[in-house]
Amino acid sequence: MMYADRRKLALNAAIKYFAGLIIVAVMLFLPAGTLRYTNGWLFIALLFIPMFFLGIFLLIKSPQLLEKRLQSKEKRGVQSKVVAFSGIAFMLSFIMAGIDFRFGFSSVPKAVVFAASVILLVSYGLYAEVMRENIYLSRTIEVQENQKVIDTGLYAVVRHPMYMATVLLFLSIPLVLGSWISFVLMLSYPAVICVRIRDEEQLLEKELQGYSEYKNKVKYRLIPFIW
């Protein structure tokens, strides 16, 4: 990638990064009615600090992958609906966490918040490892030119380790934010991911050479020994 293209990519990534940071802050602190929402600041630090360094790493080492990760427009109808539903659940979970803090509807023990914080960081580490293993990884469902089946590392354990990481990440978020109400709302996310996986595998079996054999080799889609 040429210097000018890399600079343009860096600018695009920075815009999306700070836009995401601002949107998340608004969704948390506005409903909370205060900036003294400690769990909100904890979550922002846990998510956006690693995201910043991962973005820099990808910009230097794998700008093509970073470019793919910034693309989010789905072409398949089922996937567009999944993304839309996930976005709504995500926003409602954040807003309700802020409202929960404001009115004190629920209280998550500090030990649970700590454990959820560890899970969040671990899941983000898994997320980064999947990106290291799979150079074809994209936010949209597609089969790319010259794409090959990845069957090593985490892909030897489950067929969709990225989704495994995001499920752990998303379910840990409400607990880091200290809201049981938000956690209940976020429980819809694993079900949505299952729909996404089923549709994605239909495409991969049809268009990605060797994927049917890979399915026979790695039995579990998302959770080892369960599904």
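Which residues are buried in α5? In this predicted model, the buried residues of helix α5 are Val 113, Ala 116, Ser 117, Leu 120, Ser 123, Tyr 124, Tyr 127, Val 130, Met 131 and Glu 133, where buried means under 20% relative accessible area, exposed over 50% and partly exposed in between, with a 1.4 Å probe and protein chains only. Because the model is predicted, local features need pLDDT of at least 70 and side-chain atom pairs count only at pLDDT 80 or more, whereas totals for chains, interfaces and linings use all residues. Residues are numbered from 1 along each chain as its sequence is written, and side-chain values use heavy atoms, with hydrogens and water left out.

The chain has nine helices and zero strands, helices being DSSP runs of H or I with at least four residues and strands runs of E with at least two, numbered from the N terminus. Of its 227 residues, 44% count as buried. Among contacts between residues at least 6 apart in sequence, 78% join residues at least 24 apart, a contact being defined by heavy atoms within 4.5 Å.

Helix α2 (residues 38–61) and helix α5 (residues 110–133) have axes that come within 11 Å and cross at roughly 15°; such axes are lines fitted to C-alpha atoms, for helices over the stretch in contact, and angles run from 0 to 180 degrees between N-to-C directions. The two helices are therefore roughly parallel to each other, a term for angles under 35 degrees, while those over 145 count as roughly antiparallel, 65 to 115 as roughly perpendicular and the rest as oblique. On the α2 side, the contact is made by Asn 39, Leu 42, Phe 43, Leu 46, Leu 47, Pro 50, Met 51, Leu 54 and Leu 58, and α5 contributes Val 113, Ser 117, Leu 120, Leu 121, Tyr 124, Tyr 127, Ala 128 and Met 131. Buried residues of α2 include Phe 43, Leu 46, Leu 47, Leu 54 and Leu 58.

Elsewhere, Met 186 lies in helix α7 (residues 180–186) and is buried, with a relative accessible area of 1%. Leaving aside neighbours within four places in sequence, Met 186 is in contact with Phe 90, Ser 93, Phe 170, Leu 171 and Pro 174. The C-alpha atoms of Met 186 and Leu 171, 15 residues apart along the chain, are separated by 6.3 Å.
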